[in-house]
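Thanks for asking me to look this one over. Below are my notes, in the order I would read them with the model open on screen.

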Amino acid sequence: MNVDLHLIADEARLLQNTYAHAIDTRDWELFRTVFASNVVADYPGRRYAGMAEWLGAFVPFHDACTWTFHVMTNHLVGRDPGGVWASCYGDVRWQLDASVDRYSHALGMYQDRLVAVENGWVVAHRKFRMVMYRPDIPLPDGMAFPISVHALMHEVTNGEPTHDRRHDDL
């Protein structure tokens, strides 16, 4: 199959950024559009076989977070005998509802194997390789998280933004 890696690079970057946005906004239907339904996702300590298994673990974890914040960067694509691949770095921070005085931080590399579908490309296999993990970082004095990406994306249309009521004092 003849592929234009320049065009695929745009699609791969969009897929990886959409993944991050979908998690941070808890838009699991959008999340599904990034991956093949039979996706295999390898994360530290866990392999997910298929979308149902992956979301079965991801949704409850992320529902237990006050907020998450993903930054995806250094996107690359290529082709090898196995097909088209894409990679990027991820800088991920999150705070669990049960730990409002702490947050966690991870840095890693996402390595994706892409497959062509009717409307473009999706991720068929993802491997997340963590290069740094720092759990339960105490919030420094004066540091606060008054609103989440999820809340920003779900502002009401009458001009009054929704926000996390736990931070009304900010």
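1. A word on terms before the tour: helices here are DSSP runs of H or I with at least four residues, strands are runs of E with at least two, and both are numbered from the N terminus. Counted that way, the protein has 4 helices and 6 strands. Going along the sequence, their order is α-α-β-β-α-β-β-β-β-α.

2. Please keep in mind that this is a predicted model. The average pLDDT of the protein is 89, and 89% of the residues reach at least 70. Among the helices and strands, β2 has the highest confidence, at 98, while helix α4 (residues 149-153) has the lowest, with a mean of 81.

3. Over residues 161-170 the pLDDT stays under 50. The model gives this stretch 19 contacts beyond four places in sequence, and I would read them with that score in mind.

4. Now for the overall packing. Of the 170 residues in the protein, 40% are buried. Among contacts with a separation of 6 or more, 56% join residues 24 or more positions apart. The exposed surface comes to about 9,700 Å², with carbon and sulfur atoms supplying 55% of it.

5. The largest pocket has a volume of about 420 Å³. Which residues lie closest to its centre? They are Tyr43, Phe58, Phe61, Trp94 and Met130, out of 18 residues that line the pocket. By class, the lining is made of 15 nonpolar, 2 polar and 1 charged residues.

6. Where does that lining come from? At least two residues each are supplied by α1 (5-25), β2 (46-49), α3 (51-63), β4 (83-96), β5 (102-117) and β6 (120-138). The largest share belongs to α3, which gives 4 residues.

7. Is Ala12 buried or exposed? Its relative accessibility is 3%, so Ala12 counts as buried, the cut-off for buried being under 20%. Leaving aside residues up to four places away in sequence, Ala12 touches Val77, Ala86 and Leu114. Leu76 is 64 residues from Ala12 along the chain, yet the C-alpha atoms of the two are separated by 8.3 Å.

Terms used. Residues numbered from 1 in each chain as written. Predicted model: local features only at pLDDT ≥ 70, side-chain atom pairs only at ≥ 80, totals over all residues. Heavy atoms only, no water. Buried < 20%, exposed > 50% of the residue type's maximum accessible area, 1.4 Å probe, protein only. Contact = heavy atoms within 4.5 Å. Areas by Shrake-Rupley, 256 points an atom, 1.4 Å probe, with all protein chains shown as cover. 1 Å grid on protein atoms, 1.4 Å probe; cavity = no way out; pocket = protein on both sides within 12 Å on 5 of 7 lines; lining within 4 Å. Points joined across faces, edges and corners; volume = space filled by probe spheres on them. Nonpolar A, V, L, I, M, F, W, Y, C, P; charged D, E, K, R; others polar. pLDDT = per-residue confidence, 0-100.
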